[in-house]
Amino acid sequence: MLGASIGLLQFGLGGLFGRQAQVLGAGTDDLTALADLAGPKDLGVDDWSGIRLMCSDCSHGRPDDAHDHEPTSNDAVQLGLAGSEADLRSCLDSWLADRPHLTLAELTFLW
């Protein structure tokens with residue numbers, strides 16, 4: 001499911017909840033393994049690393065002169081996740097247990 005943004009939208013519209021995770025140290029093989037774990041459980045996983053999010057001021061084109069943002073880490077992968085909290089947590093815990101080189105830096109509820 002990795003890369004299936006439309007799938008995440010459908011999950012959200014279907015009543016399942018979405019989250020965003022920031023994972024440090026994940027490579028392509030790690031992300032493929034997560035997708036392989038999530039797929040049979042009907043969980044959505046999408047790599048959002050290429051998406052640049054803007055704050056409201058930047059989005060509306062009205063930041064002041066002192067307005068600035070911290071640069072994002074090159075080591076961080078942003079993931080969009082869809083499914084029930086318990087199922088997502090179980091999937092992430094299993095995935096991370098086999099990958100001690102990874103760090104789940106953030107897990108945020110979106111909708």
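## Asp30 and its partner

Asp30 is buried, with 10% relative accessibility. This is a predicted model. Asp30 forms a salt bridge with the side chain of Arg99, at 3.2 Å from N to O. The pair links distant parts of the chain, 69 residues apart. Asp30 sits in helix H2 (residues 28-38). Arg99 sits in the loop between H4 and strand E4 (103-109). Arg99 is buried too, with a relative accessible area of 15%.

The structure holds three salt bridges. Side chains of opposite charge can pair when their charged atoms come close.

Glu85 lies in helix H4 (residues 85-97) and Arg19 in strand E1 (residues 18-24), so the bridge ties together parts 66 residues apart in sequence. Arg19 is buried, at 9%.

Asp93 and Arg89 also meet in a salt bridge, at 3.3 Å from N to O. Both belong to helix H4, four residues apart, so about one helical turn separates them. Asp93 is partly exposed, at 39%. Arg89 is partly exposed, at 36%.

## The whole chain

The chain has four helices and four strands. Along the sequence they follow the pattern α-β-α-β-α-β-α-β.

Of the 111 residues, 32% count as buried. The accessible surface comes to about 6900 Å², and 52% of it belongs to carbon and sulfur atoms. Among contacts with a separation of 6 or more, 88% involve residues 24 or more positions apart.

Key: Residues are numbered from 1 along each chain as its sequence is written. This is a predicted model: local features need pLDDT of at least 70, side-chain atom pairs count only at pLDDT 80 or more; totals for chains, interfaces and linings use all residues. Side-chain values use heavy atoms; hydrogens and water are left out. Helices (H or I, at least four residues) and strands (E, at least two) are DSSP runs, numbered from the N terminus. Buried means under 20% relative accessible area, exposed over 50%, partly exposed in between (1.4 Å probe, protein chains only). Contact means heavy atoms within 4.5 Å. Accessible areas come from the Shrake-Rupley method with a 1.4 Å probe; for residues, only the protein chains shown count as cover. A salt bridge is a side-chain nitrogen of Lys or Arg within 4 Å of a carboxyl oxygen of Asp or Glu.
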